[in-house]
Amino acid sequence: MSSDKDFRVSTLAIHGGLSPDSATGAILTPIYQSTTFVQEAVGVHKGFTYSRAANPTVDALERALGALEHTPPAVCFATGMAAIATLCLSVLKSGDHAVLGDVVYGGTVRLFQQVLEGLDISCTFVDAADPQQVEDAITAKTKLVLVESPGNPTLKLCDIAAIASITRRKGVLLAVDNTFLTPVVQKPLELGADIEVLSTTKYIEGHNSTVGGSLATRDQKLLDRFRLIRKTLGCIQSPFESWLTLRGLKTLPARIKLHSENALAVAQWLEKHPAVARVYYPGLDSFPQKALAERQQSLPGGMIAFELKAGSPAAIALMNTVKLCSLAENLGAVETLITHPASMTHADVAPAKREAIGITEGLIRLSVGLEAPEDIIADLESALAEVAGKDAAVVGGDKCVATR
Ligand code: PLP
């Protein structure tokens, strides 16, 4: 059999890092639902002792994720936020400073502003679309630069290679949250980043059935540190969630291609609709960073953001009116999900900061699923017509309650 190095990404997603179960021949790694592992003698075991430290099913997912990018096995966590928190506690200590892209998931902002700040770890948010702003924000205390590309929710991109050349020169670690694209579409470590962060909750598992996260790096010392902090905090993923994530991973290359095709069709349709003010999608010619998207991504991805000319009451009314699209917080799954970032994913970001970075009250985020694009478009079309035909307040555009 060829080595993983020779395989293309669709083959790697199915076979990379995995082999049939040696005890039974089961083609899928079994769910090792066991807390503890019996040791042959004191200090003699098969590599597993207690499932807070490591578990064979989680281990299989870690090998599979590593194989996808030709890195050592990744480190998997109970959630994406557990991965990000572990990253921060692994590389930052009291007195240290981090530089963050201004457009990042609201939970990451909350971690820095409401938790790490209390531990005397400071941070500066910059427009990371401009690498110079990242460089200017780095001080002698800076130990980590953390960016998302595309950023949640406005899809703003950062030039990962350009930022990596700055962080390398300055001796600072660069972590890229690649949740919106996955390593199938964009390979941050090949572009020069030190650490790749994933919320596997999204496209990797892809079926709205698990929460999970991972950290990947080629640096063995960092991997050891991540495992130590994970064992200490107790935030490893469960065997069942790892098994579901492994199963989702096998279809990731096929799914993400279709997510991209569907998203392009929906974005092109939205852009032509008279009620739509603007559409943010890296596959559109109108997207200001399209050239960068083409350089560092193999596909534009499945996420879109847009605004309506009638503003936020109409946008909220639209989200309350769609039927096939579900109003929900997740992204990257087979079902199309529509989200109001200002009250949902980014509710903990200060309103003035939200407005300044484009997360307006009227911004709508759409995670385009794998339904027929014609059906997604028909749902949006009839909801837009219903909202236009009525006072937005009648369809709930005047009510908006923050959920997290
Ligand atoms: N990173 C990004 C870009 C996200 O969108 C999210 C969640 O929405 C996270 C990290 C956190 O992941 P989780 O919800 O699995 O904790």
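Helix H9 (residues 252–272) packs against helix H13 (residues 373–389) at an angle of about 30°, and their axes are 9 Å apart. That makes H9 roughly parallel to H13. Angles under 35 degrees count as roughly parallel, over 145 as roughly antiparallel, 65 to 115 as roughly perpendicular and the rest as oblique. The axes are lines fitted to C-alpha atoms, for helices over the stretch in contact, and angles run from 0 to 180 degrees between N-to-C directions. Helices (H or I, at least four residues) and strands (E, at least two) are DSSP runs, numbered from the N terminus.

A word on where this comes from: the model is predicted, so local features need pLDDT of at least 70 and side-chain atom pairs count only at pLDDT 80 or more, while totals for chains, interfaces and linings use all residues. Residues are numbered from 1 along each chain as its sequence is written, and side-chain values use heavy atoms, with hydrogens and water left out.

On the H9 side, Asn262, Ala265, Val266, Trp269 and Leu270 meet Pro373, Ile376, Ile377, Leu380, Glu381 and Leu384 of H13; contact here means heavy atoms within 4.5 Å. Those residues divide into nine nonpolar, one polar and one charged. In this scheme Ala, Val, Leu, Ile, Met, Phe, Trp, Tyr, Cys and Pro count as nonpolar, Asp, Glu, Lys and Arg as charged, and the others, Gly among them, as polar.

H13 also packs with helix H11 (residues 312–321), at an angle of about 130° with the axes 9 Å apart. H11 and H13 are therefore oblique to each other. H11 passes H13 in a right-handed crossing. Here Ala314, Ala317, Leu318 and Thr321 in H11 meet Leu380, Ala383, Leu384, Glu386 and Val387 in H13, a set made up of seven nonpolar, one polar and one charged.

Elsewhere, helix H3 (residues 80–91) meets helix H7 (residues 220–233) at about 115°, with axes 9 Å apart. That makes H3 roughly perpendicular to H7. The crossing is right-handed.

Now for the ligand. It is surrounded by 14 residues, and the closest are Gly80, Met81, Asp177, Ser199 and Thr201; a residue is counted if one of its heavy atoms lies within 4 Å.

| Residue | Distance to a ligand oxygen atom |
|---|---|
| Asparagine 152 | 2.9 Å |
| Threonine 201 | 2.6 Å |
| Lysine 202 | 2.9 Å |

Most residues other than glycine have a negative phi, and most peptide bonds are trans. The peptide bond from serine 149 to proline 150 is cis, with omega near -5°, and proline 150 sits in the loop between strand S4 (142–148) and helix H6 (160–170). The bond from asparagine 152 to proline 153 is cis too, with omega near 10°; proline 153 is in the loop between S4 and H6. Threonine 182, a residue other than glycine, has a positive phi near 75°, and its place is in the loop between strand S5 (173–177) and strand S6 (195–199).

Conventions: A polar contact is a pair of N or O atoms within 3.5 Å; within protein, one must be able to donate a hydrogen and the other to accept it, and residues adjacent in sequence count only if both atoms are side-chain atoms. A crossing is left-handed if the near helix is turned anticlockwise from the far one by less than a right angle, and right-handed if clockwise.
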